[in-house]
Amino acid sequence: MSERGALLFARYAYPPNELGYCGPADSGALLRPEEPAGIERHARRFEGAWCYLELLAERAGLRG
C-alpha cells in the first residue's frame with residue numbers, strides 16, 4: 001500500500017471504525033500518518049473492506 005493510499009484509507013475508515021461499526025479495535029492506529037505500515041496492518045484487519053481493496057488494486061494493475 002502506498003503512503004498516499006494508506007492515508008486515504010485512514011481518512012474514510014476512521015469515523016465508522018472509531019464508532020465501532022467496522023474494523024478492529026484501536027481506531028487510533030488510523031490517526032498515525034507517520035506510520036503508513038501501521039495503517040496498512042490495521043487496514044488488513046477490516047475483513048469486509050480489505051478484499052475489495054485488493055480486487056480493485058489488481059484490476060487497476062497496481063499489484064504484481
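The following questions and answers walk through a predicted model of one protein chain.

Student: Before we begin, how are residues numbered, and which limits apply to this predicted model?

Tutor: Residues are numbered from 1 along each chain as its sequence is written, and side-chain values use heavy atoms, with hydrogens and water left out. Because the model is predicted, local features need pLDDT of at least 70, totals for chains, interfaces and linings use all residues, and side-chain atom pairs count only at pLDDT 80 or more.

Student: Which pattern does the chain follow along the sequence?

Tutor: Helices (H or I, at least four residues) and strands (E, at least two) are DSSP runs, numbered from the N terminus. By that rule the chain has 3 helices and 0 strands. Read along the sequence, the pattern is therefore α-α-α.

Student: What radius of gyration does the chain have, and what would a compact globule have?

Tutor: The radius of gyration is taken over C-alpha atoms, and the globule rule is 2.2 Å times the number of residues to the power 0.38. The C-alpha atoms fill a box of roughly 35 × 25 × 15 Å along the principal axes. For 64 residues, a compact globule would have a radius near 11 Å, and this agrees with the chain's own value of 11 Å.

Student: Against which helices do the buried residues of α2 pack?

Tutor: The buried residues of α2 are G38, I39, E40, H42 and A43. One of them, A43, is in contact (heavy atoms within 4.5 Å) with M1, F9 and W50, leaving aside neighbours within four places in sequence. As a group, the buried residues of α2 pack against α1 and α3 (47-59).

Student: Is S27 buried or exposed?

Tutor: The place of S27 is in the loop between α1 (3-18) and α2 (36-43). Leaving aside neighbours within four places in sequence, S27 is in contact with Y14, N17, E18 and H42. Because its relative accessible area is 13%, S27 is buried.

Student: How far apart are the C-alpha atoms of Y14 and L31?

Tutor: Y14 lies in helix α1 and is partly exposed, with a relative accessible area of 23%. Not counting residues up to four places away in sequence, Y14 touches S27, L30 and L31. Although Y14 and L31 are 17 residues apart along the chain, their C-alpha atoms are separated by 7.8 Å.

Student: How far apart in space are S2 and P36, C-alpha to C-alpha?

Tutor: S2 is found in the segment before α1, and it is partly exposed, with a relative accessible area of 45%. In sequence, S2 and P36 are 34 residues apart, while the C-alpha to C-alpha distance is 7.9 Å.

Terms used:
Buried < 20%, exposed > 50% of the residue type's maximum accessible area, 1.4 Å probe, protein only.
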